[in-house]
Amino acid sequence: MKKIVRFVLWNHLSMNISSLKDLSKSDDIIIFAELEKELTYVKHHKQKLVFLLSSQREFALSLKTKGYNVDYLFYNKKNPKNIYDYLKYIGDKHKPAKLVVVEPGEYRILEEIKYAVSNLNINLDLKENNLFFCRLDEFNEWSKDRKEIVMEYFYRYIRKKNNILMDGNKPLGNKWNYDSENRKKIKDDTKIPSRTVFTPNNLCKEVIDLVEKNFPDHYGSIKNFLYATNKKQARIVLKAFIEERLHFFGDYQDAMLANYHWLFHSHISMYLNNGLLEPFEVVNQVMEAMHQYSLPINSVEG
């Protein structure tokens, strides 16, 4: 019996992603790849490479630990270097009944996958990316008759649709945004919270060595790599932000201060970008915290 192969990209690291729905431990193979072209098409910062590879490896390992069939292609100069060669390798190896992929966020990658499967006679099942508040077809419908596409109006549409910070049909507090209240100067006696950091585990250390050895001409330094690389850690970062920094985030959203890189910001964008955190859980937790900690509206809306 031919297997269903589910291709998980580096920015879809969530068990809730649509390509992993109805996952079968007996009939499905989950594939991951560290492809040279994807790591080098631009010279990513070394810490970004460490973050992406470590997070992907940890997610794949978590699936394998749960008993799922995982086929992971680790970086090696002798391995397939691009999506076309990789999918040819997968087709020859597994002869899948179909390849299941979530629609990539990058048009470039989507076109490469479509080109590969059409030329390799692989049956593609392209799933909707459900890690966004809005589907592509929904956005197209919203924007089709508009003379201008303005972020502010789209933002209001999403707020209304999902009942986020709404009082009936009006925004909570009678204002859609509080930009004018996000520009306060930090007082001299303000206590700046410490950044939430993590010591690299053995898996992460292996990736650090790999990046140092194979991508020496990429810019930046890997010293002091302290980011989260799995969902548990990413949720700790979110929790710390909500409890320690969110109250003053609205006031100091645009502030800069010498010798302080992080201030009252959330430090979660990279985890939203690769699936370790999801927009829905972040918004829901912030909404809950608003009532629990009596947070100011300019911080919550921001």
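Predicted model: local features only at pLDDT ≥ 70, side-chain atom pairs only at ≥ 80, totals over all residues.

Trainee: Where is Glu 34 found?

Mentor: Glu 34 sits in the loop between β2 (28-33) and α1 (36-40).

Trainee: Which polar contact does the side chain of Glu 34 make with another side chain?

Mentor: For such a pair, look for N or O atoms within 3.5 Å. Here the partner is the side chain of Arg 57, at 2.7 Å. The Glu 34 side chain also reaches a backbone atom, the nitrogen of Tyr 75, at 2.8 Å.

Trainee: What else is Glu 34 in contact with, leaving aside neighbours within four places in sequence?

Mentor: Its contacts include Leu 53, Gln 56, Tyr 72, Leu 73 and Phe 74.

Trainee: Now the pockets. What is the volume of the largest pocket?

Mentor: About 1,500 Å³. Its lining has 48 residues, and Phe 132, Phe 133, Leu 272, Pro 279 and Val 283 lie nearest the centre. α6 gives the largest share of that lining, six residues. By class, the lining has 25 nonpolar, 14 polar and nine charged residues.

Trainee: And the second largest pocket: how much space lies in it?

Mentor: About 290 Å³. Of its 19 lining residues, those closest to the centre are Trp 10, Ala 33, Glu 38, Leu 39 and Gln 56. Gln 56 is also in contact with Glu 34. α2 (46-65) supplies the largest share of this lining, four residues. The classes are twelve nonpolar, two polar and five charged.

Notes:
Residues numbered from 1 in each chain as written. Heavy atoms only, no water. Helix = DSSP H or I, 4+ residues; strand = E, 2+ residues; numbered from the N terminus. Polar contact = N/O pair within 3.5 Å; in protein donor to acceptor, adjacent residues only side chain to side chain. Contact = heavy atoms within 4.5 Å. 1 Å grid on protein atoms, 1.4 Å probe; cavity = no way out; pocket = protein on both sides within 12 Å on 5 of 7 lines; lining within 4 Å. Points joined across faces, edges and corners; volume = space filled by probe spheres on them. Nonpolar A, V, L, I, M, F, W, Y, C, P; charged D, E, K, R; others polar.
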